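Let's work through a few exercises together. Have the sequence and the model open side by side, and try each task before reading its solution.

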Amino acid sequence: MIGGRRRAARVDFDSQKLAAFNVSILRAYQAVESFNWRLPAGSTSVADREITVDVGQFLTSAADVAEVIVGVYGGKPVYLKDVATIADSAEEPTDYVWLGTGPAAPEKGLDRAGIDLPAVTLAVAKKPGTNAVDMVGDLDRYIERLKGPVIPSNINVLKTRDYGATAKEKSNELLHHLVSATIAVVLLMWVTLSRREAAVVVVVIPVTLALTLAASYFFGYTLNRISLFALVFSIGILVDDAIVVVENIHRHFKLKWGEPHQVTTYALDEVGNPTILATFAIISALMPLAFVRGLMGPYMRPIPINASAAMLFSLAVAFTISPWLALRLFRKEYNGQEESSDDEVEVVSEEGRISRIYSFFMRPLIRSTMARYLFLAVVAGLLVAAMGTVAVGFTTVKMLPHDNKSEVQIVIDAPEGFTLEQTNAAAREIASVFRTMPEVIDFQIYAGTAAPFNFNGLVRHYFMRSGPNVADIQVNFVHKSKRKDKSHALAKRIRQMILPIAQAQGVGITVAEIPPGPPVLSTLVAEIYGPTLEGRLEVAAEVKEVFDSTDGVVDVDWFVEEPSEHVEIRIDREKAIRAGITPEQIVRTLRVALAGAEPGILHLPTAREPVPITLRLSRTHRAHIDDLLQLTVHGTDGRMVPLSEVSFVSHESRERFRYHKNLQPVTYVVGEVADRYEAPVYAILEMQKKLKDITTPQGENLEIIATHLPEDTSRYIMKWDGEWHITYEVFRDMGIAFAVVMVLIYVLMVGWFKSFVTPIIIMVPIPLTLVGILPAHGGFSVFFTATSMIGFIALAGIIVRNSILLVDFINLELRAGEKLEDAVVQAGAVRLVPILLTQLSTIIGASFMLSDPIFQGLALAMISGIIVSTALTLGVIPVLYYMFLKVVGTDSVMEAG
């Protein structure tokens with residue numbers, strides 16, 4: 001619970017009255033503590049009956065506290081009420097919580113905009129394994145039952161954050177995408193082939209998904225956003241095996257060369273081995289991603305695990321259910337009992353048409369050596385040009401894209417020395433802009449304390465913030481479907497609106513999106529290591545100046561406290577002992593006067609929680625150090641000794657915090673990126689030259705490292721951390737995973753084709769996917785992110801499938817006696833339909849992920865990579881394989897067969 005003030009019996013001492021009645025704060029404290037006692041004294045026997053005895057009595061009200069005798073003056077008792085003000089009220093505030101509403105307040109059922117009220121925030125977290133949606137529903141019903149009996153009618157309960165509703169919305173959206181993708185793939189089969197093939201797909205997809213879900217359950221994965229996304233991701237590729245098998249069976253049925261069982265068996269055998277090989281190639285491409293470490297490992301692991309399971313099950317279904325169902329559906333057509341419907345495509349005539357078109361383009365390439373080399377040179381040029389889009393900044397690289405949330409957090413850091421009231425006033429002044437922002441429903445201000453625990457609090461340690469000079473503002477927007485701008489655009493607009501106000505108030509601000517990106521301290525983090533604190537601060541100040549002077553770097557701060565006054569009250573021990581006063585008495589007196597103390601509680605039978613008795617010097621009498629030193633303490637001779645006689649004041653600067661990382665002293669400079677730079681790597685490159693020109697206290701240029709901790713602690717070194725370090729680690733691990741993918745696929749190809757060169761030819765289209773991926777990311781202004789990298793790696797297996805089918809059918813045609821040129825053209829024509837169908841199904845499955853900000857990069861990578869690489873594969877693979885066989889001869893194929 002955040003906000004509100006406890007009920008307390010407040011005792012505010014008046015220093016002048018204390019002196020007038022010769023009463024010390026410490027003696028008053030002891031008196032209140034001694035009056036609030038009650039203990040069992042034992043038992044006694046009276047007239048053969050045992051009677052238990054209690055002794056003493058508790059203080060049960062503020063009036064009882066007021067009647068406590070704290071001393072004797074002039075022969076009369078001095079009561080606590082004579083030297084202090086006693087009230088049954090709330091304790092002194094240590095934080096403030098406010099609720100305000102914006103123009104969109106009616107969206108949440110609020111009466112009007114412009115509400116500005118004190119509030120208390122109650123945050124509830126779920127247990128691990130609990131369904132968040134169910135928990136929120138139970139909580140809503142429980143609160144409704146409390147209204148009236150517990151919650152008064154003049155107290156309004158408003159739900160400011162509901163991550164259960166967010167989880168439900170995401171799950172429902174993905175389930176909708178899952179159903180839509182399934183329907184779209186079925187319609188694709190119906191339109192391109194016939195209703196019979198569509199019927200097979202209708203059966204294949206649910207069966208495969210059911211088996212995958214069962215496997216996911218045994219793997220220990222819950223049904224969440226990532227696991228559901230893995231199923232949507234799998235929709236496009238899990239029907240590939242069934243499409244290849246059913247399309248080939250359908251093609252042979254149209255040829256009507258044999259009995260249905262024989263035709264089905266032969267068609268399945270014809271594509272069986274390459275289909276198995278292609279399936280394991282895709283699994284080999286996906287599975288290494290499950291072993292990626294760091295951030296992306298646990299987060300993305302359900303995708304390769306579930307997708308690989310889906311591929312295995314789809315292969316089993318394609319070899320069992322699909323042929324059996326195809327045989328039953330196509331038999332009627334074979335027996336002539338059912339005329340072909342208009343929506344069916346006549347494969348025989350289509351093959352002839354495709355052959356002519358394919359031959360028109362392919363034969364000139366195959367016959368002309370110059371044309372072949374020119375074609376390959378153009379393809380290589382396209383690949384180099386695509387990779388150059390990253391170098392020139394057309395395609396930008398970032399760890400994770402910006403999500404589109406309905407909230408943003410403003411973190412306020414006031415200089416050390418700001419009072420709670422100053423910080424509260426500054427926070428409320430900044431929050432005033434949200435009352436006129438049309439997208440804002442409501443906002444909460446937390447002054448002196450942190451906002452409720454969220455992703456920012458977890459990874460940026462915001463939950464540890466407390467004290468009079470810190471504040472948070474939680475801003476809630478209308479649903480993303482009801483506003484034009486995404487939350488990232490709103491965050492940039494908010495920064496421009498509140499920055500002048502923050503500067504005028506003398507506070508620093510950070511506009512933190514939720515989530516702000518990878519779990520790091522800040523997007524840009526510069527760690528300065530060195531032998532001395534003073535030297536590190538000198539270097540950090542220059543680094544901070546570079547941050548401030550770089551366009552696109554915002555919310556710059558450093559983990560260095562502003563110099564603030566610190567008072568040390570030192571005790572003259574010799575004078576104190578001579579006056580009969582112990583140092584403990586002085587320390588405890590000042591502790592009670594300034595910080596307050598609780599000698600006990602009121603014993604109220606109707607109170608819901610303990611009501612403390614708090615003793616403290618009133619605010620007006622503790623406003624100056626000189627007033628504190630006028631407090632008196634009883635000496636052993638009964639004389640009242642002012643603290644000024646036995647102590648003196650030393651004015652110093654407050655000592656700064658010292659930070660360590662891996663046992664090495666460090667100073668942090670942090671910042672965010674916006675406007676010009678949306679990814680930290682470009683801001684780092686921009687600042688790198690300026691940073692290298694910094695001269696350290698040792699007279700040498702500042703050394704900058706990026707991938708490891710410094711080993712030499714005797715020199716001043718700066719290390720880049722933050723999002724850059726996470727990006728480096730993730731892309732490094734995914735690069736290693738990609739290398740493992742290439743090796744696994746190559747080993748599979750060598751084992752099947754019994755050649756060391758043929759697998760290389762088959763794998764050539766893998767880098768060609770970048771020809772589509774990188775320009776597409778730049779053209780659509782989408783970051784190339786870690787999820788995009790996952791799409792690129794997954795495409796390695798998907799694209800290799802096409803190459804395997806082409807090469808395998810070229811080999812089949814050669815073994816059937818076709819000439820090399822005719823075999824190359826005929827194989828491309830025959831396999832063009834299943835290749836296009838499998839790729840279209842993958843594109844359709846991926847298209848439903850384009851609307852998700854996090855997985856948009858993966859979807860775009862798969863769609864653009866498939867479109868471009870498929871087109872290039874249909875030309876590159878036949879040309880390269882033709883050139884290879886022209887050199888080694890076709891006999892090698894016959895021997896391998």
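**Exercise 1.** Classify Glu92 as buried or exposed, then find its salt-bridge partner.

*Solution.* Start with the accessibility: Glu92 has a relative accessible area of 13%, so Glu92 is buried (buried means under 20%, exposed over 50%, partly exposed in between, with a 1.4 Å probe and protein chains only). Next, look for the partner: the side chain of Arg10 meets that of Glu92 in a salt bridge, 3.9 Å from N to O (a side-chain nitrogen of Lys or Arg within 4 Å of a carboxyl oxygen of Asp or Glu). Arg10 sits in strand β1 (residues 7-13) and Glu92 in the loop between β6 (84-90) and β7 (96-101), 82 residues apart. Arg10 is buried as well, at 18% relative accessibility.

This is a predicted model, where local features need pLDDT of at least 70 and side-chain atom pairs pLDDT 80 or more, while totals for chains, interfaces and linings use all residues. Residues are numbered from 1 along each chain as its sequence is written, and side-chain values use heavy atoms, without hydrogens and water.

**Exercise 2.** Find the salt-bridge partner of Glu821 and state where each residue lies.

*Solution.* First, the partner is Arg367, with the closest N and O atoms 2.9 Å apart. Then place both: Glu821 belongs to helix α29 and Arg367 to helix α13 (residues 347-367), 454 residues apart. Finally, compare accessibility: Glu821 counts as buried at 19%, whereas Arg367 counts as exposed at 59%.

Notes
Helix = DSSP H or I, 4+ residues; strand = E, 2+ residues; numbered from the N terminus.
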